[in-house]
Amino acid sequence: MVLFGCDFSSAPTARKPIVVAAGELADGNRVVLTGLQRFSTLEAWGEWLCATPAWTGGFDFPFSLPRELVEHLGWPVQWAPLMAHYASLSRAEIRETFAAFCAARPLGGKFAHRATDGPAGSSPSMKWVNPPVAYMLHAGVPRLLAAGARIPGLHAGPGADRIALEAYPGLLARELIGRRSYKSDELPKQTPERLAARTDLLVALEAGTTRLGLRLGVTAPQRAELLADARGDDIDAVLCLVQAAWALQRAQSPGPGHGLPRNFDPLEGWIVTA
C-alpha cells in the first residue's frame with residue numbers, strides 16, 4: 001500500500017508540477033516521508049495513479065460541487081452522473097455558467113458553498129480563479145475514476161485497493177501557524193518571513209503538535225528541500241500526506257470510514273479531518 005499526499009495543479013508544467021509526497025506509518029503515530037515525486041503533465045500523473053497497484057491518497061482538490069449550485073442549474077443530483085456531466089463541459093463553459101450564477105446573486109453571497117467549506121475554511125469548489133479549484137475538480141476527478149479509485153461516501157469504485165480522499169493542506173497549516181503566509185508563487189513575495197513560517201510549520205509537524213496525533217519523520221536533506229521550496233507545493237503535499245495517514249488509521253471507522261462524518265452529503269463530499 002502506497003500512502004501519499006498530492007498537491008495538485010489543473011495545468012501542471014515542469015516549472016510548477018503536481019507534487020506527490022509518499023510516506024508510511026511507523027510506530028503507530030509517526031508518518032515517515034519516503035520521497036517526493038513531480039509530474040509535469042496531467043497525463044503522466046494519471047498514468048502513475050493507474051500503474052500504482054494499491055494506494056491511499058489525500059488530494060488537494062475538491063471532489064464535488066455545492067448542492068445549492070447543482071440544483072439551481074438543474075444538473076444531476078447523484079454524484080456519478082454529476083461528475084460525468086461536469087467532465088463533458090469545457091473550461092470555458094464552466095466559467096461562463098458559474099459567472100452567470102454569481103452575477104445574479106448579491107454582494108457577499110456570490111458563491112455557493114459545500115457544507116464542508118465552513119469547518120475546513122476552504123475555497124468554494126465552484127471558484128474558477130485564485131485558486132481555480134473548479135478546474136482542478138474538472139481535471140482531477142475523471143483521472144481518479146479512470147484509475148479505479150474508491151472515494152468513501154461518494155463512489156464505491158471497482159475495488160478497495162485505491163482510496164482517494166479529499167484533503168486540504170490549509171486546514172492543517174492554520175492549526176499549526178495560524179494565518180501566517182508560508183508560500184508564494186511570486187518571486188518578490190518569497191520573503192524571509194515566509195521562510196520562517198515554513199520553518200515553524202515543519203517544526204510543528206515533526207513535533208506532532210496537532211490534534212491529529214501524528215509526528216512527521218524527515219531526513220535532514222528532506223527538511224532542507226521542503227524549506228527551500230518557496231512556492232510551498234512540497235510542504236502542501238506533505239500536509240496532505242499527514243491528513244491521509246490520519247484517515248488510513250481510521251479506515252474501519254463507522255459510516256463511510258476513514259474518519260469521515262457518518263452523514264455528510266453524498267453529492268457534495270467532505271474534506272478529511274475537517
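Analyst: Contact means heavy atoms within 4.5 Å. Helices (H or I, at least four residues) and strands (E, at least two) are DSSP runs, numbered from the N terminus. This is a predicted model, in which local features need pLDDT of at least 70 and side-chain atom pairs count only at pLDDT 80 or more, while totals for chains, interfaces and linings use all residues. Residues are numbered from 1 along each chain as its sequence is written, and side-chain values use heavy atoms, with hydrogens and water left out.

User: Which elements do the buried residues of α8 pack against?

Analyst: Buried means under 20% relative accessible area, exposed over 50% and partly exposed in between (1.4 Å probe, protein chains only). In α8 the buried residues are R194, A197, R198, L201, L202, A204 and L205. Seen down the helix axis, they fall within an arc of 160° (taken from the directions from the axis to the C-beta atoms), so they line one face of α8. Their packing partners are α7 (169-177), β6 (215-217), α9 (220-228) and α10 (233-249).

User: Which exposed residues does the face of α8 turned away from its buried side carry?

Analyst: An α-helix has 3.6 residues a turn, so residues three or four places apart point the same way. On α8, the face turned away from the buried side carries the exposed residues P192 and E193.

User: Is L25 buried, partly exposed or exposed?

Analyst: L25 is found in strand β2 (residues 18-26). Leaving aside neighbours within four places in sequence, its contacts include L3, L214 and L248. Because its relative accessibility is 33%, L25 counts as partly exposed.
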